[in-house]
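These are my notebook entries on a structure that I looked through element by element.

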Amino acid sequence: MADTPVHVILGGSGGIGSAVARELNRQGARVALAARDQARLDALSSELGGVSVQTLDATNTADVESFVRSVAEDQGRLDGLVNCVGSMLLKSAHATSDDEWRHTIAANLDSAFAAVRAGGKVMRGGGSIVLISSAAARVGLANHEAIAAAKAGVLGLGLAAAATYARKGIRVNVVAPGLVETPMSAGITSNPMMRKASEGMHPLGRIGQPEDVSRAITWLLDPANDWITGQVIGVDGGLATVRGKASA
């Protein structure tokens, strides 16, 4: 058990977070999950054989730090920290209320900052921090102003943190997905017309699945990849960088 890696997942009960938890659990790692929804956390903990869970508001930096520190102290180590907390808002700037703007920034950028701050204080033996941005932070998409701004902030945060904490052996990387089929995106993916339009925006012709993203995250957590930091990995079907579909 002493050599078994320990990972914290904030937003661990969401679509991507739960996929990461399942994959790490399958690999034999110890995982601790935090999210707002106790019932979903309990169900996932039961599915995974009783992994540690905690309800908290990931936009509260003090609560995140307390949780991350408690896991490191209880387990005797902390190897990885993933922030899967986020939200989705598809509105133009002029249609976005002040409350919607503040919520979008808090859910996506404040939570990422809380994760980095906690990891920087607690992960004294090095490790890997993975943040989640979005393809919308890398390419202009209509009606994405608030979420694009928040996720672009995550990109900048990740790059700066990678520079700051490299001397401590802490790697910081960012995964930037396209549209992924999760409960949060159900308003789009469950509508046949909107789903078809979204699929057409991705050059590979489909929207993502949580496992597409979780595989990239767990790869970045793997200490075998310990010469990788300060990177933004697009897991987006080509949305941010490719135009059109290749013809045979």
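**Entry 1: strand β1.** I note here that the model is a predicted one. Since 5 of the 5 residues of β1 (residues 6–10) are buried, I recorded the strand as largely enclosed by the rest of the structure.

I then looked up the partners of β1. Strand β2 (residues 30–35) runs parallel to β1 and is joined to it by 5 bridges. Within this pairing, Leu-10 has Ala-34 of β2 as its bridge partner. I followed the chain from β1 through helix α1 (residues 15–26) to β2 and noted a right-handed β-α-β crossover. I also found Val-8 standing opposite Ala-32 in β2.

Strand β4 (residues 80–83) also pairs with β1 in the parallel sense, over 4 bridges. In that pairing I noted Leu-81 of β4 as the bridge partner of Val-8.

**Entry 2: strand β2.** Is β2 enclosed by the rest of the structure or open? I found 6 of the 6 residues of β2 buried, so the strand is largely enclosed. Arg-30, Ala-32 and Ala-34 point one way from β2, while Val-31, Leu-33 and Ala-35 point the other way, and all are buried.

I next looked up strand β3 (residues 52–55), which pairs with β2 in the parallel sense over 4 bridges. Leu-33 stands opposite Val-53 in β3. With helix α2 (residues 38–47) between them in the unit, β2 and β3 form a right-handed β-α-β arrangement.

**Entry 3: His-7.** I returned to His-7, which lies in strand β1. Its relative accessible area is 4%, under the 20% limit for a buried residue. Setting aside neighbours within four places in sequence, I listed the contacts of His-7 as Leu-24, Ala-29, Arg-30, Val-31, Ala-32, Leu-78, Asp-79, Gly-80 and Leu-221. For Gly-80 I noted a distance of 3.3 Å between its backbone nitrogen and a polar atom of the His-7 side chain. I also looked up the separation between His-7 and Leu-204: their C-alpha atoms are 32 Å apart, and the residues are 197 apart along the chain.

**Entry 4: Ser-198.** I found Ser-198 in helix α7 (residues 192–201). Ser-198 is buried, with a relative accessible area of 11%. Not counting residues up to four places away in sequence, Ser-198 touches Leu-179, Ile-188 and Ile-207.

**Entry 5: helix α5.** I looked up the span of helix α5 (residues 145–165). Its 21 residues reach 30 Å from the first C-alpha to the last, close to the 30 Å expected at 1.5 Å a residue. The buried residues of α5 include Ala-146, Ile-147, Ala-150, Val-154, Leu-157, Gly-158, Ala-161 and Tyr-165. Lys-151 is also among the buried residues of this helix. What covers the buried residues of α5? I found that the cover includes α4 (98–122), β5 (127–132), β6 (170–177) and β7 (232–235).

**Entry 6: salt bridges.** I recorded a count of 13 salt bridges. Side chains of opposite charge can pair when their charged atoms come close.

In the pair Glu-23 and Arg-26, the closest N and O atoms are 2.6 Å apart. Both residues lie in helix α1, 3 residues apart, which is about one turn of the helix. Residues three or four places apart on an α-helix point the same way, because the helix has 3.6 residues a turn. Arg-26 is exposed, with a relative accessible area of 60%.

I then looked up Arg-117 and Glu-65, whose side chains meet in a salt bridge (3.8 Å, N to O). This pair links distant parts of the chain, with Arg-117 in helix α4 and Glu-65 in helix α3 (residues 61–75), 52 residues apart. Arg-117 counts as partly exposed at 30% relative accessibility, whereas Glu-65 is buried at 14%.

A further salt bridge joins the side chains of Arg-77 and Asp-79 (2.9 Å, N to O). Arg-77 is partly exposed, with a relative accessible area of 25%, and Asp-79 is buried at 19%. Lastly, I noted one network, in which salt bridges with shared partners join Glu-65, Arg-69, Arg-117 and Lys-121.

Definitions and conventions
Residues are numbered from 1 along each chain as its sequence is written. This is a predicted model: local features need pLDDT of at least 70, side-chain atom pairs count only at pLDDT 80 or more; totals for chains, interfaces and linings use all residues. Side-chain values use heavy atoms; hydrogens and water are left out. Buried means under 20% relative accessible area, exposed over 50%, partly exposed in between (1.4 Å probe, protein chains only). Helices (H or I, at least four residues) and strands (E, at least two) are DSSP runs, numbered from the N terminus. Two strands pair if DSSP finds at least two bridges between them. A crossover is right-handed if, with the strands pointing away from the viewer, the path from the first strand over the helix to the second runs clockwise. The expected span of a helix is 1.5 Å times one less than its number of residues. Contact means heavy atoms within 4.5 Å. A polar contact is a pair of N or O atoms within 3.5 Å; within protein, one must be able to donate a hydrogen and the other to accept it, and residues adjacent in sequence count only if both atoms are side-chain atoms. A salt bridge is a side-chain nitrogen of Lys or Arg within 4 Å of a carboxyl oxygen of Asp or Glu.
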